Amino acid sequence: MDSSHEGIQMLLTAEQEAQQMVTAARNLKTTRLRQAKEEAEKEAALYRTNMESEHQKKVDETTGNSGFTAERLGEETEEKIQNLKKSASKVQSDIVGMLIKYVTAAKY
């Protein structure tokens, strides 16, 4: 009976050791999964940040250029208007004289 008791005790000890090994493996697996999840979240956040900064950069370039273009076009338009006013004022007296001459000249 002593040997069967020792055999049972050996089986119980082996079962406990196997249970400890399974528990350790589960804990290790859980730890690795947690680390992988954290690393994936960090990579996703970094990627998101990079994409947002690229998008903002493109928006700033596009918006900045259109604002600059509108300002430049406004300045060019104002310059052309001033040039036309100067040209018109130079020939204004000649044109008025010509109109008066044709209006007052009688054709029979």
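Modeller: Happy to! Let's begin with Arg72, which counts as partly exposed because its relative accessibility is 35%. In these terms, buried means under 20% relative accessible area, exposed means over 50%, and partly exposed lies in between, using a 1.4 Å probe and protein chains only. Before we go on, please keep in mind that this is a predicted model, where local features need pLDDT of at least 70 and side-chain atom pairs count only at pLDDT 80 or more, while totals for chains, interfaces and linings use all residues. Residues are numbered from 1 along each chain as its sequence is written, and side-chain values use heavy atoms, with hydrogens and water left out.

Now to the partner. The side chain of Arg72 meets that of Glu76 in a salt bridge, with 3.2 Å from N to O. The term stands for a side-chain nitrogen of Lys or Arg within 4 Å of a carboxyl oxygen of Asp or Glu. Side chains of opposite charge can pair when their charged atoms come close. Glu76 is also partly exposed, because its relative accessibility is 34%. By the same rule, the count comes to one salt bridge.

Where do Arg72 and Glu76 sit? Both lie in helix α1, which covers residues 2-104, and they are four residues apart, about one turn of the helix. Helices here are DSSP runs of H or I with at least four residues, strands are runs of E with at least two, and both are numbered from the N terminus. The chain has one helix and zero strands.

Stepping back, the C-alpha trace spans about 155 × 25 × 5 Å along its principal axes. The radius of gyration, taken over C-alpha atoms, is 46 Å, whereas a compact globule of 108 residues would have one near 13 Å; that globule rule is 2.2 Å times the number of residues to the power 0.38. Of the 108 residues, 0% count as buried.

Thr13 is found in helix α1 and is partly exposed, with a relative accessible area of 33%. Its C-alpha atom is separated by 69 Å from that of Val59, 46 residues apart along the chain. Ala40 also lies in helix α1, and its C-alpha atom is separated by 93 Å from that of Ala105, 65 residues apart along the chain.

Finally, look at the surface beyond the charged pair. Val91, Ile95, Met98, Leu99 and Tyr102 form a nonpolar patch there, with about 510 Å² of accessible area together. Patches are made of residues with over 30% relative accessible area and no salt bridge, joining like charges within 9 Å and nonpolar side chains (Val, Leu, Ile, Met, Phe, Trp, Tyr) within 5 Å. The areas come from the Shrake-Rupley method with a 1.4 Å probe, and for residues only the protein chains shown count as cover.
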